[in-house]
2 protein chains.
Amino acid sequence: MATIVQKYGGTSVADLDRIRKVARRVAQTYDRGHEVVVILSAMAGVTDNLISLASRITTTPERRELDVLLATGEQTTAALMAMTLKAMNYPAESILGHQAQVLTDGDHGNARIIDIGSERIRSLVGDRKIVVVAGFQGSDVNGNITTLGRGGSDTSAVAIAAAIQADVCEIYTDVDGIFTTDPNICPKARKMDRISYDEMLEMASLGAKVLQIRSVEFAKKYSVPVHVRSSFSEEEGTMVVNEEASMEKLVVSGVICDKNQARITLKKVPDQPGVAAKVFAPVAAAGIIVDMIIQNMRSGGQTDLTFTVPMTDFDRAMAIERQVAEEIGAEAVLGDPEIAKVSVVGVGMKNHSGVASLMFTTLAAENINIRLISTSEIRISCVVTEKYAELAVRVLHSAFGLDQTD
Amino acid sequence: MATIVQKYGGTSVADLDRIRKVARRVAQTYDRGHEVVVILSAMAGVTDNLISLASRITTTPERRELDVLLATGEQTTAALMAMTLKAMNYPAESILGHQAQVLTDGDHGNARIIDIGSERIRSLVGDRKIVVVAGFQGSDVNGNITTLGRGGSDTSAVAIAAAIQADVCEIYTDVDGIFTTDPNICPKARKMDRISYDEMLEMASLGAKVLQIRSVEFAKKYSVPVHVRSSFSEEEGTMVVNEEASMEKLVVSGVICDKNQARITLKKVPDQPGVAAKVFAPVAAAGIIVDMIIQNMRSGGQTDLTFTVPMTDFDRAMAIERQVAEEIGAEAVLGDPEIAKVSVVGVGMKNHSGVASLMFTTLAAENINIRLISTSEIRISCVVTEKYAELAVRVLHSAFGLDQTD
């Protein structure tokens with residue numbers, strides 16, 4: 001007997017038919033003698049509908065009240081699922097975030113989990129109940145309803161799995177698992193059997209939207225084995241686990257492409273102490289996250305500063321930097337939204353030299369110009385012109401030996 | 001400065017426009033310096049939609065889970081209302097049943113309020129906040145969500161008004177107040193300025209659907225002045241208050257008609273001890289409420305037993321009584337669903353004789369046959385053939401001096 005947490009996303013519970021299918025899957029797991037805790041998202045589209053309802057009241061809905069509103073989405077799914085299981089004669093019981101003792105900070109709309117009490121869930125599974133938990137929600141110390149932000153149900157699931165020391169946290173989604181790259185871009189993409197937390201973190205933050213990044217951080221912190229798999233098939237998916245010796249056989253595990261970036265360059269910035277602070281402080285103050293930064297020395301005590309920001313913040317960042325350029329006496333501000341960040345990720349590269357050079361050579365062979373480079377211990381990212389992004393992904397996928405062979 | 005509880009029903013908050021109108025009304029009251037607590041129903045149609053969604057899963061949805069589902073209706077309205085008020089720069093805060101400390105028993109779908117803690121609401125209004133409470137819901141001692149049954153938001157409102165010792169509980173609805181009879185039946189019906197709790201109880205239980213009967217019981221028990229009024233006008237409505245000397249001037253305050261009744265007669269029942277128990281025990285066991293009972297003696301140690309049941313239980317009651325008739329040796333079971341119960345109600349009749357005789361004479365003058373009679377201290381009811389119901393209401397309304405004179 002194992003304790004299994006299963007999380008189903010919005011498309012898996014999009015209507016009553018799908019809820020019934022999920023219920024049968026849950027029941028199967030229960031029938032094998034396991035303790036089962038189910039975490040649910042809102043039915044597909046519901047959260048967006050609620051947000052658009054609120055936005056018809058005001059463009060800036062009070063965040064506390066928006067959380068109260070949004071929480072109804074997961075509450076609905078949890079009730080319908082428990083009802084379906086009960087109708088199938090399984091002893092299910094739904095609980096909401098505050099009932100599941102999901103304690104968060106008070107940052108409405110993007111709350112962070114502080115603690116999860118395991119008593120209520122433990123006591124219910126101890127009575128052989130199937131516990132159906134409304135994901136995405138918790139409550140703060142004053143009992144106010146909070147929500148965990150986009151994809152927050154993943155975090156709910158992993159955090160609850162950690163709290164009750166579950167044997168595995170299964171994340172059911174509409175894809176078969178984690179792929180070496182986006183199969184829509186590269187038909188030779190392969191599903192991975194295993195991936196380490198660190199690689200998953202790099203991939204999640206680079207735009208692979210399978211798992212919310214905070215859920216992976218939680219999983220890593222508490223060593224929760226996460227199984228990403230399809231709710232539409234019985235196939236095994238991808239296990240996200242601690243790094244294992246065998247993982248290092250492959251130098252690179254995956255190739256990721258992120259088009260949601262834009263590039264900004266300040267030309268001929270006076271190269272004086274404190275100038276970088278003047279360039280980046282106002283952007284940070286506006287809540288804009290700067291990703292990559294590069295500085296090119298020029299002659300004559302001047303330098304070019306280039307950095308990337310999320311596409312959605314591009315216009316705001318440009319406006320801010322035009323002001324900055326005037327203040328510090330930079331020559332010009334250039335912007336380019338048509339870029340893409342292509343990255344290779346793999347725990348194996350820690351022990352291998354030559355990954356960067358293989359990456360650069362491969363791109364050069366296709367005449368793809370690299371505009372910016374950044375690296376982490378297990379990742380190398382290059383910014384290229386957007387129109388070459390797909391080609392870059394395919395040639396890198398092949399060069400690093402990731403192509404499906406059959 | 002007064003403490004005012006305002007309850008708005010589903011039609012008053014049916015869409016964002018109406019919610020905005022209600023918000024303006026709430027804000028007006030707040031601007032006059034009052035402490036304001038708003039209790040809301042689900043938007044019109046929402047509860048029915050949720051019930052029909054659940055019924056697509058199973059014809060008998062688990063009641064605990066149905067409550068979790070239904071509670072989302074009021075939660076949504078509360079969040080939208082608080083959001084609207086905040087967008088108008090009023091310091092509003094929504095709270096749910098459990099947050100408002102509405103403690104109920106565990107009878108899901110029809111829970112009764114055991115206690116309401118006043119601390120949270122008192123503390124919020126003390127901070128000059130407009131408190132927006134999700135009506136219809138509470139939680140039991142184990143923190144499970146419960147709902148109070150049809151019209152439960154009225155009870156939420158009155159109970160909360162009692163708990164926080166509000167000066168008045170305003171029930172906003174789509175009619176102008178309580179009328180002497182149904183204006184659709186009798187164009188000369190008048191809106192009452194005041195009505196006593198006891199009269200309102202009789203009228204609520206007789207099918208005047210303005211207030212949930214339990215809310216009136218609560219109001220009476222804790223002497224909460226209830227003001228029933230229209231959310232679409234500024235006119236004063238009807239005050240439901242303790243009996244006052246002036247009220248007794250009118251012998252009869254109102255005439256009510258209830259068509260949701262059916263009549264069952266057991267012919268030639270052996271007149272033996274215990275036979276009534278044999279007739280009524282199985283009906284009670286089936287949860288069917290018997291309203292009026294009449295027994296006609298016949299010669300030869302036999303009797304006819306006639307009683308009424310709600311229309312919705314008519315078929316089940318008939319089936320039970322056919323069985324009973326066989327067991328006890330009654331001759332036949334006759335049923336008649338085409339009846340109506342017409343009643344006159346008034347605290348004044350306690351001190352006046354002749355009300356019954358005026359009622360019978362008035363009906364006789366129109367050749368309306370009375371099939372059954374029942375009375376309480378402040379009510380006389382007659383069952384008549386359904387097709388004469390409207391006529392009976394009109395002539396009684398006129399005979400007891402209730403007709404509008406202008």
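**Figure 1. Where chain A meets chain B.** In this predicted model, 24 residues of chain A are in contact with 24 residues of chain B. Helix 2 and helix 3 of chain A are the elements that give two or more residues to the side of chain A that touches chain B. Helix 3 of chain A gives the most to that side, with 14 residues. Which surface does each copy use? Of the interface residues of chain A, 100% are also interface residues in chain B, so the copies meet through the same surface.

**Figure 2. How the two copies are related.** Two copies of a chain are related by a rotation about an axis and a shift along it. Here, chain A is superposed on chain B by a rotation of 180 degrees, with 0.0 Å of shift along the axis and an RMSD of 0.1 Å. The two copies are thus related as by a two-fold rotation axis. Which residue of chain A comes closest to the rotation axis? To find the answer, look for A:T72, whose C-alpha is 2.6 Å from the axis.

**Figure 3. Chain A as a whole.** Chain A is built with eleven helices and 20 strands. Along the principal axes, its C-alpha atoms fill a box of roughly 80 × 55 × 30 Å. For 406 residues, a compact globule would have a radius of gyration near 22 Å, and the 23 Å of chain A agrees with that. Of the 406 residues of chain A, 50% count as buried.

**Figure 4. Helix 2 and helix 3 of chain A.** Two packed helices are described by the angle between their axes and the distance between the axes. Helix 2 covers residues 46–57 of chain A and helix 3 covers residues 63–87; their axes come within 9 Å and cross at roughly 150 degrees. That angle makes helix 2 of chain A roughly antiparallel to helix 3 of chain A. The crossing of the two is right-handed. On the helix 2 side, look for A:V46, A:T47, A:L50 and A:A54, which meet A:L66, A:L69, A:L70 and A:G73 in helix 3 of chain A.

**Figure 5. Helix 1 and helix 3 of chain B.** We now move to the other copy. Helix 1 (residues 16–31) and helix 3 (residues 63–87) of chain B pack with their axes 9 Å apart, at an angle of about 60 degrees. Are these two helices of chain B parallel, antiparallel, perpendicular or oblique to each other? They are therefore oblique. Helix 1 of chain B passes helix 3 of chain B in a right-handed crossing. Helix 1 makes the contact through B:I19, B:R20, B:V22, B:A23, B:V26 and B:A27, while helix 3 of chain B uses B:L80, B:M81, B:T84 and B:L85.

**Figure 6. Helix 6 and helix 7 of chain B.** The axes of helix 6 (residues 197–205) and helix 7 (residues 213–221) of chain B come within 9 Å and cross at roughly 170 degrees. That makes helix 6 of chain B roughly antiparallel to helix 7 of chain B. Is their crossing left-handed or right-handed? For helix 6 and helix 7 of chain B, the crossing is left-handed. Helix 6 touches its partner with B:Y197, B:M200, B:L201, B:A204 and B:S205, and helix 7 of chain B answers with B:I213, B:V216, B:E217, B:A219 and B:K220.

**Figure 7. Two residues with a positive phi.** Most residues other than glycine have a negative phi. A:K268 is not a glycine, yet has a positive phi of about 50 degrees. A:K268 sits in strand 14 of chain A, which covers residues 261–270. Having 17 C-beta neighbours inside 10 Å, A:K268 counts as partly exposed. In chain B, the phi of B:Q165 is also positive, near 55 degrees. B:Q165 lies in the loop between helix 5 (152–163) and strand 9 (168–173) of chain B. With 11 C-beta neighbours inside 10 Å, B:Q165 counts as exposed.

**Figure 8. The loop that holds A:N260.** A:N260 is in the loop of chain A between strand 13 (254–258) and strand 14. With 13 other C-beta atoms within 10 Å, A:N260 is partly exposed. A:T308 is 48 residues away along the chain, and the C-alpha atoms of A:N260 and A:T308 are separated by 9.9 Å.

Key. Residues numbered from 1 in each chain as written. Chains lettered and ligands numbered in written order. Predicted model: local features only at pLDDT ≥ 70, side-chain atom pairs only at ≥ 80, totals over all residues. Least-squares fit on C-alpha atoms with pLDDT ≥ 70 in both. Contact = placed C-beta atoms within 7 Å. Helix = DSSP H or I, 4+ residues; strand = E, 2+ residues; numbered from the N terminus. Rg over C-alpha atoms; globule rule 2.2 N^0.38 Å. Buried ≥ 20, exposed ≤ 12 C-beta atoms within 10 Å, placed from the backbone. Axes fitted to C-alpha atoms, helices over the stretch in contact; angles between N-to-C directions. Parallel < 35°, antiparallel > 145°, perpendicular 65-115°, else oblique. Left-handed = near helix turned anticlockwise from the far one by under 90°.
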